[in-house]
Amino acid sequence: MPLVNNKVGDESTVSTGKSLTDAKALVESLIKVVACHRHLASCMGGCTDSLQLRDELRQTRERALTLAISICQRLTTTLRDKSLPQEQRQDSELLWVSFSSSLELLHIDMCKVFKMADIFTIAENTSLVLTGLQGGGTEVAARALSLQDLQQVESTEPPAGLEGQERSNLEQDISRMDHMIDDMESKVNVLRWMVEPQGTLFPVGSTDSMSMALLSVDEECPGPGTDVESAEPAPLCQRSHIFALILLSVVIMVAATLSVCIVLLT
């Protein structure tokens, strides 16, 4: 009877599970950083555009690229493993779809920032659009980067050659992103439309504005399983519809009665 080393198999399964847990945490962090970068990119060219905003964009972009490289290495190694169990492969493919979608959004925003930097320069404040907005995204960027506070840029005027250097660095990062996406597609073939979603990546206990809005909608519109006695009374518009139907039925009955009487009398 052949001997099977169950200990080695169990250790491999535990190691793969821990790797997936770490990859999931990294993907969640990447999603937050990409969302922060998108928020900051939307402020480009407006009255909140400043040297501080450009520095926050650079920091979030660098953080996103660092996370992307780490996630790409982990998921590529995992998905290329042919001995991976089916359940763990499904989880890995789901993370891969979320990761690649986040990379595409980041790539779009980086290209947008690259083009907007040519139109709106920090050196010419008169070219900025007066949108009426106030404040910036410092708190959002600090929260996405897991920092207590971001170092404020004291200088209001950029040093000579700073924008040109930033443009060159951004162009290099966009090129790195292009190569990373091409390399991912050549090494791992995961069809997005074949991956079945299994739920959200965000924690259930998060109390963001979207979850609060959904909660308020659920409270206002109880589902079919809600007790009738505990439900709120019907709105006035529904009552008016019922009254109109009753009135219309009475009118039809009276008209039919009059028609019969006229026929009998003639």
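Which residues of helix H3 are separated by about one helical turn? Trp96 and Phe99 are, being 3 residues apart in helix H3.

## The model and its confidence

This is a predicted model, in which local features need pLDDT of at least 70 and side-chain atom pairs count only at pLDDT 80 or more, while totals for chains, interfaces and linings use all residues. Residues are numbered from 1 along each chain as its sequence is written, and side-chain values use heavy atoms, with hydrogens and water left out.

The term pLDDT denotes the predictor's confidence in each residue, from 0 to 100. The chain has a mean pLDDT of 74, and 62% of its residues reach 70 or more. Among the elements of the chain, the highest mean pLDDT, 91, belongs to helix H2 (residues 51-79), and the lowest, 41, to helix H6 (residues 209-220). Over residues 202-234 pLDDT stays under 50. For that stretch the model has 5 contacts beyond four places in sequence, a contact being heavy atoms within 4.5 Å.

## Overall architecture

The chain contains 7 helices and 0 strands. Both kinds of element are DSSP runs numbered from the N terminus: helices are H or I runs of at least four residues, and strands are E runs of at least two. In order from the N terminus, the elements read α-α-α-α-α-α-α.

Of the 266 residues of the chain, 30% count as buried. Buried means under 20% relative accessible area, exposed means over 50%, and partly exposed lies in between, with a 1.4 Å probe and protein chains only. The accessible surface of the chain comes to about 18,300 Å², and 59% of this belongs to carbon and sulfur atoms; such areas come from the Shrake-Rupley method with a 1.4 Å probe, and for residues only the protein chains shown count as cover. Among contacts between residues at least 6 apart in sequence, 83% join residues at least 24 apart.

## The nonpolar core and the aromatic pair

In soluble globular proteins, nonpolar side chains tend to be buried together. A nonpolar core is a set of buried Ala, Val, Leu, Ile, Met, Phe, Trp, Tyr and Cys residues joined through side-chain atoms within 4.5 Å. The largest such core here has 44 residues, of which Phe99 and Leu103 touch the most other members. Helix H1 (6-41), H2, helix H3 (86-119) and helix H5 (162-187) each supply at least two residues of this core. Leaving aside residues up to four places away in sequence, Leu103 touches Ala68, Met177, Met180, Ile181 and Met184.

A search of the whole structure finds 1 aromatic pair. It is formed by Trp96 and Phe99 and is edge-to-face, with 6.1 Å centre to centre and 65° between the planes. Rings of Phe, Tyr and Trp (its six-membered ring) pair if their centres lie within 6.5 Å; planes under 30 degrees apart count as stacked, over 60 as edge-to-face and the rest as tilted. Trp96 is buried, with a relative accessible area of 5%, and Phe99 is buried at 0%.

## A buried loop residue

Met44 is found in the loop between H1 and H2. Its relative accessible area is 5%, so Met44 counts as buried. Not counting residues up to four places away in sequence, Met44 touches Asp49, Leu53, Arg54, Leu57, Val113, Met116 and Ala117. Met44 and Thr121 are 77 residues apart in sequence, and their C-alpha atoms are 9.7 Å apart in space.

## Salt bridges

The whole structure holds 10 salt bridges. A salt bridge is a side-chain nitrogen of Lys or Arg within 4 Å of a carboxyl oxygen of Asp or Glu. The table gives some of them.

| Salt bridge | N to O distance |
|---|---|
| Glu62 and Arg58 | 3.3 Å |
| Asp118 and Arg167 | 2.4 Å |
| Arg176 and Asp173 | 3.7 Å |

Asp118 in helix H3 and Arg167 in helix H5 are 49 residues apart, and the pair links distant parts of the chain. Asp118 is partly exposed at 45% relative accessibility, and Arg167 is partly exposed at 31%.

Glu62 and Arg58 both lie in helix H2, 4 residues apart, about one turn of the helix. Glu62 is partly exposed, with a relative accessible area of 38%, and Arg58 is partly exposed at 26%.

Arg176 and Asp173 both lie in helix H5, 3 residues apart, again about one turn of the helix. Arg176 is partly exposed at 42%, whereas Asp173 is buried at 10%. Salt bridges that share partners join Arg61, Glu166, Asp173 and Arg176 into one network.
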